[in-house]
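Work through the exercises below with the sequence and the model at hand. Each task is followed by a solution in steps.

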Amino acid sequence: MLGVALLDFSDEYEDALVLLLTEVLNRIQFRYNQAQLEELDDETLDDDQQTEWQRYLRQSLEVVAKVMELLPTHAFSTLFPVLQDNLEVYLGLQQFVVTSGTGHRLNITAENDCRRLHCSLRDLSSLLQAVGRLAEYFIGDVFAARFNDALTVVERLVKVTLYGSQIKLYNIETAVPSVLKPDLIDVHAQSLAALQAYSHWLAQFYSEVHRQNPEQFISLVSTALEAITPLISSKVQEKLLLSACHLLVSLATTVRPVFLIRIPAVQKVFNRITDTSAQRLPDKAQVLVCRALSNVLLLPWPNLPESEQQWAVRSTNHASLISALTREYRHLKSSAILPQRKVRLEDTKVIIHQTLSILEDTVESISGESTKSRQICYQSLQESVQVSLALFPAFIHQSDVTDEMLSFFLTLFQGLRVQMGVPFTEQIIQTFLNMFTREQLAESILHEGSTGCRVVEKFLKILQVVVQEPGQVFKPFLPSIISLCMEQVYPIIAERSSPDVKAELFELLFRVLHHNWRYFFKSSVLASVQRGIAEEQMENEAQFSAIMQAFGQSFLQPDIHLFKQNLFYLETLNTKQKLYHKKIFRTTMLFQFVNVLLQVLVHKSHDLLQEEIGIAIYNMASVDFDSFYSAFLTEFLASCDGVDSNQKNVLGRNFKMDRDLPSFTQNVHRLVNDLRYYRLCNDSLPPGTVKL
């Protein structure tokens, strides 16, 4: 009986979900809900860069996805026929295309027909997004069970994208161009985006069939590329062009079929991108296409052993590709020494911007890949990297150029430093250290929020990568890096707000300490064996003290983000390296830090961090509780103004000598609150009432 009841309940539950799905699908379609949908704003962007309409659609599609997760078969059989209906309208437009004097025209002119077509195209665009959103429910463990449904979807999407590209609906004249033309472009762009969503499914399909009969797979990929190629043109609207580029990147990066480079459509794109006479694509599209082509040559083919990867020929082709893309840039080296005329300078800046944005993206896209991919990438880029270093001094006063160059070098350091090798890396660091003089840093930083500040931030980020490097290779640079920080950057920003530069500087100082502890503390193994405690020999004491002083100063400033970051850094150094226990810290700095942190609590300047400050005070005091209770507390209270000696005695007596964290922090917060209370009371009394 109970079993039947449960069965009935699950049927009702299924019915309710299917009903919900149908209702949600109806609500996102103009065909059923035009009045409400036309009221949604589709122009103004909110804080998440979405319009009201986009937000409504996204939330509705999340409901569709949830139902798909719970009831995959029902959801698919509800959605697909609705998509099919709208696709038929779109695919049927071909019969209304007529040739006119200026090109092709859509021969639908009656106002009512145009309105119906507009609604149908808007709905198709939404339904394509819905189908794309469901792609994740066809991969992984369920791939085989849901293969036929997914194949049906992908075949339809490939057909639709090819149809759109062949009959060029995006370039067609219409009766209501301001409405129908954007609709047609949007449908085409969304069909490409929906197909892109199935790239992980295509990758799984490839791994299942690559050894037996891959004809169906090859046909899908080849047809998709035929749909993409005509759109990679500066004459195509950017929305559509970018959709095509993103799909190309996914095929090259996620699917990675071995035959991709042999497909005529891909060779066509190679020729177009490396042809200097062809009109360049808009920046974003150019970067994406170059990423796709580079990845075709650099990424290992799935399902194939190392011996069949054809690295030699791919390496040669990649070198040719990068050489063609950087031709103008590499020619700049010879002219960098000459004084630049204004017009010439602007042209040079354009070449630098266009080339470095491509090279930086190329490196970034393979930075997590195999050693072989990174080796080939660096071989191809090597000359351009050397040109960049040679150009750097010539543009040191052009902060927009320096910003882009440092961005590129930062990406190189993060992704290819092993491939760059030690001598060249040393040369880069030395060049930067020489160029960033005190005057140059001041010139950059004093324009707060400017490109100059970003230049210094990126330079500090590069140094962060350098000081984290294990081994002894870059250790010789430590003295000059610390001296740059403490003698050149820090004095300029110490009294200014410069929040971003400060955050990067203190992160660099933290990394210097964290990854190079033995530069300051040489541990003697023999001493530790003999005495049971490591007697550490201090080196570079002045630099260590200066760094600690800078951390202390940062706690006296109003920037709460910097305060939180730096407190976390000190606590981390204590956890990992026992910072608070080191003799130099314990004897000369410990109670200065405790004093500063207590004053911060008393002044309520960083109340949001009360808990973290309380824990840090405990961790510092616990190093030497005896001194804390016998000397520090008395001295701290003696130095407090605004309270009389009797009140100070009460405050001292009320602070219990607890040594566990919860009781100690409770005592700290009670002391702080009582001290504030006494001051408040004393301030409100007539002058002279309390002898302070």
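**Exercise 1.** At roughly what angle do the axes of helix α3 (residues 52-70) and helix α5 (residues 111-133) cross? Classify the crossing and give its handedness, then list the residues in contact.

*Solution.* The model is a predicted one.

Step 1. The axes of α3 and α5 cross at roughly 45° and come within 10 Å.

Step 2. Angles under 35 degrees count as roughly parallel, and 65 to 115 as roughly perpendicular. α3 and α5 are therefore oblique to each other.

Step 3. The handedness of the α3 and α5 crossing is right-handed.

Step 4. On the α3 side, the contact is made by Trp-53, Leu-57, Leu-61, Glu-62 and Ala-65. On the α5 side, Arg-122, Ser-126, Gln-129, Ala-130 and Arg-133 take part.

Step 5. Sorted by class, the contact of α3 with α5 holds five nonpolar, three charged and two polar residues.

**Exercise 2.** Describe the largest pocket by volume and lining. Which element gives the largest share of the lining?

*Solution.*

Step 1. The volume of the largest pocket is about 580 Å³.

Step 2. Its lining has 23 residues, of which Gln-54, Gln-129, Asp-186, Gln-190 and Lys-239 are the closest to the centre of the pocket.

Step 3. Two or more lining residues come from each of α3, α5, α7 (177-197) and α10 (238-255). The largest share is that of α7, with six residues.

Step 4. The lining of the largest pocket divides by class into nine nonpolar, eight polar and six charged residues.

Step 5. To link the two exercises, look up Gln-129: this residue of α5 is in the contact with α3, and Gln-129 is also among the lining residues closest to the centre of the largest pocket.

Conventions
Residues numbered from 1 in each chain as written. Predicted model: local features only at pLDDT ≥ 70, side-chain atom pairs only at ≥ 80, totals over all residues. Heavy atoms only, no water. Axes fitted to C-alpha atoms, helices over the stretch in contact; angles between N-to-C directions. Helix = DSSP H or I, 4+ residues; strand = E, 2+ residues; numbered from the N terminus. Parallel < 35°, antiparallel > 145°, perpendicular 65-115°, else oblique. Left-handed = near helix turned anticlockwise from the far one by under 90°. Contact = heavy atoms within 4.5 Å. Nonpolar A, V, L, I, M, F, W, Y, C, P; charged D, E, K, R; others polar. 1 Å grid on protein atoms, 1.4 Å probe; cavity = no way out; pocket = protein on both sides within 12 Å on 5 of 7 lines; lining within 4 Å. Points joined across faces, edges and corners; volume = space filled by probe spheres on them.
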